Amino acid sequence: MLRSSQPLTGPNRKRCREDEMLLGTVLDEGERGFIIDTRSAQAAKQARMTGGGTEPKSSYPRWRRLHRPLERGRPLQESFIKLVEACNDTSINMDRWLSRLESCRWLSHVKAALSTACLAAQCMDREEASVLVHGAEGTDTTLLVTALARVILDPSCRTLVGFQGLLEREWIEAGHPFHLRCARSAYSHARLKQEAPLFLLFLDCVWQLSRQFPFSLEFGEHLLLTLFDNAYASDYGTFLCNNEKERSLCKVKESTHSLWAWLNQPGEKKKYLNPLYSHNALVIWPSVEPQSIQLWQGLFFRWIRSSQYLDEAWAEIERLVEGN
């Protein structure tokens with residue numbers, strides 16, 4: 001699986017021989033690959049007017065391009081804000097609540113992300129094909145798809161340590177602009193142009209996987225909630241800045257502590273483990289039917305509903321597992 005930013009073909013349909021040769025060497029004799037573009041065909045076409053674009057069939061004859069549009073900017077942020085507002089409004093009746101839940105479209109974004117990740121995983125697992133994923137800059141929906149596909153395909157990415165490595169590689173080192181995207185919470189009245197909860201959408205999708213496959217992920221919901229909290233406000237430097245260059249200039253690694261080092265302390269690590277975990281070497285294929293996608297109550301209801309009974313239930317499960 002490969003990821004990149006969009007090709008800079010521009011309005012004059014410029015070619016890059018090195019890029020064509022690079023993608024050509026990925027494929028063996030007679031093989032074909034898939035390019036999953038996370039923009040609509042129309043958006044990719046419009047991008048040519050500002051210097052961007054997509055791969056023309058004539059220059060990449062062995063690659064088949066598939067467009068699977070995913071929201072990455074203002075619409076996604078507005079969806080997040082509307083959902084949080086609805087979840088915190090305890091005065092509405094059932095009909096009104098269901099209407100607001102549908103109108104915010106957050107679950108539709110979750111479904112779209114999982115569907116696109118499944119497509120990428122199917123191309124690799126069932127077609128045994130190479131896959132290139134990109135949108136525009138390659139630092140938002142691109143990383144969402146590649147990281148989710150890895151969790152679906154690779155059992156090592158479903159372990160606590162492996163998942164940390166995945167986040168480091170597919171989000172932090174790959175240049176997701178955390179400082180811009182997670183500048184403020186959903187409660188802020190400011191509407192910053194660059195803000196968008198892409199990382200939260202990824203965590204929500206992973207939660208959906210953990211719910212559908214409760215034995216296959218070594219970590220539990222508590223880890224996902226901790227990652228969400230630290231992406232927006234943290235005592236650690238792991239999610240600071242927008243890319244590796246900024247982190248290097250700010251000397252983040254030298255002047256801050258790592259979130260991973262804290263999570264992996266023996267006393268802390270136990271809090272994040274799933275007591276039901278059993279290694280599953282198989283690919284996990286999630287259902288993306290509407291009935292299968294659920295609201296992440298542990299996150300969106302966490303400030304208005306006590307988790308006491310759920311915490312007690314998990315503690316009892318942990319005691320029973322350890323007893324056996």
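Colleague: With which side chain does the side chain of E170 make a polar contact?

Modeller: A polar contact is a pair of N or O atoms within 3.5 Å; within protein, one atom must be able to donate a hydrogen and the other to accept it, and residues adjacent in sequence count only if both atoms are side-chain atoms. Here the side chain of E170 pairs with that of R3 at 2.9 Å, and it also makes a polar contact with the side chain of T146 at 2.9 Å. This is a predicted model, in which local features need pLDDT of at least 70 and side-chain atom pairs pLDDT 80 or more, while totals for chains, interfaces and linings use all residues. Residues are numbered from 1 along each chain as its sequence is written, and side-chain values use heavy atoms, without hydrogens or water.

Colleague: Which residues are in contact with E170, leaving aside neighbours within four places in sequence?

Modeller: Contact means heavy atoms within 4.5 Å. For E170, these residues are R3, L143, T146 and A147.

Colleague: Is E170 buried or exposed?

Modeller: Buried means under 20% relative accessible area, exposed over 50%, and partly exposed in between (1.4 Å probe, protein chains only). E170, in helix 7 (residues 160-172), has 5% relative accessibility and therefore counts as buried. E78, in helix 3 (residues 74-87), is partly exposed because its value is 25%.

Colleague: How many residues of helix 10 are buried?

Modeller: Helices are DSSP runs of H or I with at least four residues, numbered from the N terminus. In helix 10 (residues 221-232), 9 of 12 residues are buried, including F228 and Y232.

Methods:
Helix = DSSP H or I, 4+ residues; strand = E, 2+ residues; numbered from the N terminus. Expected span 1.5 Å × (residues − 1).
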